[in-house]
Amino acid sequence: MTAHSDKPKSACLHIGLMKAALPPILFALAVSHSYHSNGPLPELTIYGGIERFDTTGPRLNKYTLGVEAESDKLQFGLQLGKSEVLADTNTVEVYGKYRFYTSLSVSASVLHASFAGPDLTVYGIGAEYIFLNNAYLGASIADGNRGFDTQYAVSIGWRF
């Protein structure tokens with residue numbers, strides 16, 4: 001990307017701060033930047049974020065960094081994460097989605113988590129059908145190692 005490119009770009013910044021009557025403070029920051037292509041290249045988005053929960057005890061942090069590419073029919077991405085909430089956990093997720101038509105898509109993802117003990121890997125697939133005015137029906141299944149129970153989900157809703 002050059003500074004003199006005629007391609008449109010966009011950036012986004014979200015900041016949130018919450019202080020309750022009790023000592024805990026929750027802070028969240030998210031940043032993203034998109035590069036829109038007018039040609040055969042996909043739209044690229046780079047994003048990152050931090051969530052911080054301050055208590056009278058330890059500070060609990062969660063970090064996210066990722067990149068995503070999207071074209072008319074295909075979307076795929078890579079996300080890295082680090083969480084200090086329950087235990088130090090590092091995650092890597094690779095995901096993708098293919099739209100057959102405007103209304104029908106399938107998706108797949110692989111999530112790998114490293115923490116105390118053996119690593120965990122979870123595989124998932126899903127499908128979604130959009131009908132009427134953004135109403136949708138979806139189904140997915142996820143399975144993994146380390147005794148991870150197979151998870152099934154069916155959803156129906158409306159996006160507005």
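Strand β3 (residues 43–54) pairs with β4 in the antiparallel sense, over eleven bridges. Strands here are DSSP runs of E with at least two residues, numbered from the N terminus. Two strands count as paired if DSSP finds at least two bridges between them. F53 has L60 of β4 as its bridge partner. The structure is a predicted model, in which local features need pLDDT of at least 70, side-chain atom pairs count only at pLDDT 80 or more, and totals for chains, interfaces and linings use all residues. Residues are numbered from 1 along each chain as its sequence is written, and side-chain values use heavy atoms, with hydrogens and water left out.

The pairing continues from β4 to β5. These strands run antiparallel and are joined by nine bridges. A hairpin of three residues links β4 to β5. K62 has S83 of β5 as its bridge partner. Strand β5 in turn pairs with β6, again in the antiparallel sense, over ten bridges. Next comes β7 (residues 104–114), which pairs with β6 in the antiparallel sense over ten bridges. Four residues lie between β6 and β7 in their hairpin. Y95 stands opposite S109 of β7. In a regular strand, side chains alternate between the two faces of the sheet.

G77 belongs to strand β5. At 8% relative accessibility, G77 is buried. Buried means under 20% relative accessible area, exposed means over 50%, and partly exposed lies in between, with a 1.4 Å probe and protein chains only. The C-alpha atom of G77 is 9.5 Å from that of L44, although the two residues are 33 apart along the chain.

The largest pocket holds about 210 Å³ of space. A pocket is an open set of points on a 1 Å grid over the protein atoms alone, where a 1.4 Å probe fits, with protein on both sides within 12 Å along at least five of seven lines; lining residues have an atom within 4 Å of a point. Its volume is the space filled by probe spheres set on the points, which are joined across faces, edges and corners. The lining of the largest pocket comprises 14 residues, with K62, K82, S83, T89 and T91 nearest the centre. Two or more lining residues come from each of β4 (60–70), β5 (74–83) and β6 (89–99). The greatest contribution is that of β5, with four residues. Five lining residues are nonpolar, six polar and three charged. In this classification Ala, Val, Leu, Ile, Met, Phe, Trp, Tyr, Cys and Pro are nonpolar, Asp, Glu, Lys and Arg are charged, and the others, Gly among them, are polar.

Three aromatic pairs are present. One is edge-to-face, because the rings of Y98 and F100 lie 5.0 Å apart at their centres with planes at 80 degrees. Rings of Phe, Tyr and Trp (its six-membered ring) pair if their centres lie within 6.5 Å; planes under 30 degrees apart are stacked, over 60 edge-to-face, and the rest tilted. Y98 is partly exposed at 33% relative accessible area, and F100 is partly exposed at 37%. W158 and F160 form a tilted pair, at 5.2 Å centre to centre and 40 degrees between the planes. W158 is exposed at 53%, and F160 is exposed at 86%. R159 lies over the face of Y136, 4.2 Å from the ring centre. For such a contact, NZ of Lys or CZ of Arg must be within 6 Å of the ring centre and within 35 degrees of the ring normal.
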